[in-house]
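Biologist: I'd like to learn how to read a model like this one. Could you take me through it, beginning with the ligand?

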Amino acid sequence: MIAVDRGRYTCVLAAAAPDAPTVTAMRARELGRKSVVVGDRVGLVGDTSGVPGALARIVRIEPRRSVLRRTAEDDASTAEGRLERVVVANADQLVIVSALADPPPRTGFIDRCLVAAYDADIEPLLCLTKADLAGPETVLDYYTELELPYVLIRPDSSLDALRSLLAGRVSVLVGHSGVGKSTLVNRLVPEAERAVGTVSAIGRGRHTSTSAVALRLPAVAGLPDDPGWIVDTPGVRSFGLAHVSAESLLHGFSDLVEATVDCPANCSHSADETECALAAWVADGRADPRRLASYHRLLASRAGETDPRGATNPRDEPEHDPRGRAE
Ligand SMILES: Nc1nc2c(ncn2[C@@H]2O[C@H](COP(=O)(O)OP(=O)(O)OP(=O)(O)O)[C@@H](O)[C@H]2O)c(=O)[nH]1
Ligand SMILES: [Zn+2]
């Protein structure tokens, strides 16, 4: 399933040619309350011809090999914090799009995405845009210990490196407003605008959609046979992490996790744990203190504390868009 708009699901048949018509479907009653999300592999019955006006029915959702989730907020004790949504099913890669300038990179946002990727069991890829405006050194320095894969994008640069990292996989793109995500999507899939327009037309004339849409990447000479798919997530500005356990949160910080073998039993690893081994780990220069500070901010945010130390870092302010819709 590649797009949904007001109860109408757009599907592509497995192994269909890239130019084959899409199939429009509705949910069958037997699905019960199970939600169908972009990326789901589904069983269809009825008219799957794809001719105008044809309507199929989704009768089955195949088991998902990965599930990318978000909550509206971080704090699970609030109603919003309990509102958990599946953003995309069966993705292989989370492409974190961040500008190097205008707007400046927000490592707090990137750290949050890394946790979401770990929780979803999908690979992260850092996509640094506007490389014509600033160098990547500061951002890359922050992630030295992680060996995070990354690509640099400038307006005139070839996208071959990115395309080869997207080939054969389903990649979800996330990023803040203004980072150049739409520009990138349009460069990767020049027909994207038209494809999205077609989908929206099914939903009675609405042309901008806030739900996720999967776009098939075009075949490019010299690259592998299957160019892959990207999933654009216009309504998802960030990931509330209320659904992520403290344990998974820590695993999003793979540069810190090793230190905690020396923590006392039941250590919460929060900033006020005096015996926590993380402080010594950072003091020994084995991880970046800014990463520990970021981890502590996320922990505090999940506990419902807006700001543990009274100092506000505008780059790492809580980021959520309550209007964002994942489905
Ligand atoms: N200098 C420079 N500007 C860029 C680059 N990519 C995009 N821009 C500009 O950045 C601005 C924002 O780009 P968009 O593609 O609209 O950003 P977006 O992330 O999709 O933001 P929304 O449309 O708000 O979701 C536009 O004015 C683009 O022309 C780049 O690589 N370098
Ligand atoms: Zn600890």
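Modeller: A residue is near a molecule if its C-beta atom, placed from the backbone, lies within 6 Å of it. Here 15 residues surround ligand 1, and the closest are Ser177, Gly180, Lys181, Ser182 and Thr183. This is a predicted model: local features need pLDDT of at least 70, side-chain atom pairs count only at pLDDT 80 or more, and totals for chains, interfaces and linings use all residues. Residues are numbered from 1 along each chain as its sequence is written, while chains are lettered from A and ligands numbered from 1 in the order in which they are written.

Biologist: Which helix gives the largest share of the shell around ligand 1?

Modeller: Helices (H or I, at least four residues) and strands (E, at least two) are DSSP runs, numbered from the N terminus. Helix 5, residues 181-188, gives the largest share, with three residues.

Biologist: Now sheets. In what order do the five strands of the open sheet lie?

Modeller: Strands of a sheet pair through backbone hydrogen bonds, either parallel or antiparallel. We say two strands pair if DSSP finds at least two bridges between them. The order here is 1-2-3-5-4, with mixed pairing. Strand 1 (3-5) and strand 4 (42-46) are the edges, each pairing on one side only. Strand 4 runs antiparallel to strand 5 (residues 56-61), over five bridges, and Gly46 sits opposite Ala56 of strand 5.

Biologist: Why does Leu146 count as partly exposed?

Modeller: Count neighbours: 20 or more other C-beta atoms within 10 Å (C-beta atoms are placed from the backbone) means buried, 12 or fewer exposed, and in between partly exposed. Leu146 is partly exposed because 17 other C-beta atoms lie within 10 Å. You'll find Leu146 in the loop between helix 3 (137-142) and strand 10 (150-152).

Biologist: How far should I trust all this?

Modeller: Look at pLDDT, the predictor's confidence in each residue, from 0 to 100. The protein's mean is 85, and 86% of its residues reach 70 or more. Over residues 194-207, though, pLDDT stays under 50. Where pLDDT is low, the predicted coordinates should not be read in detail.

Conventions. Contact = placed C-beta atoms within 7 Å.
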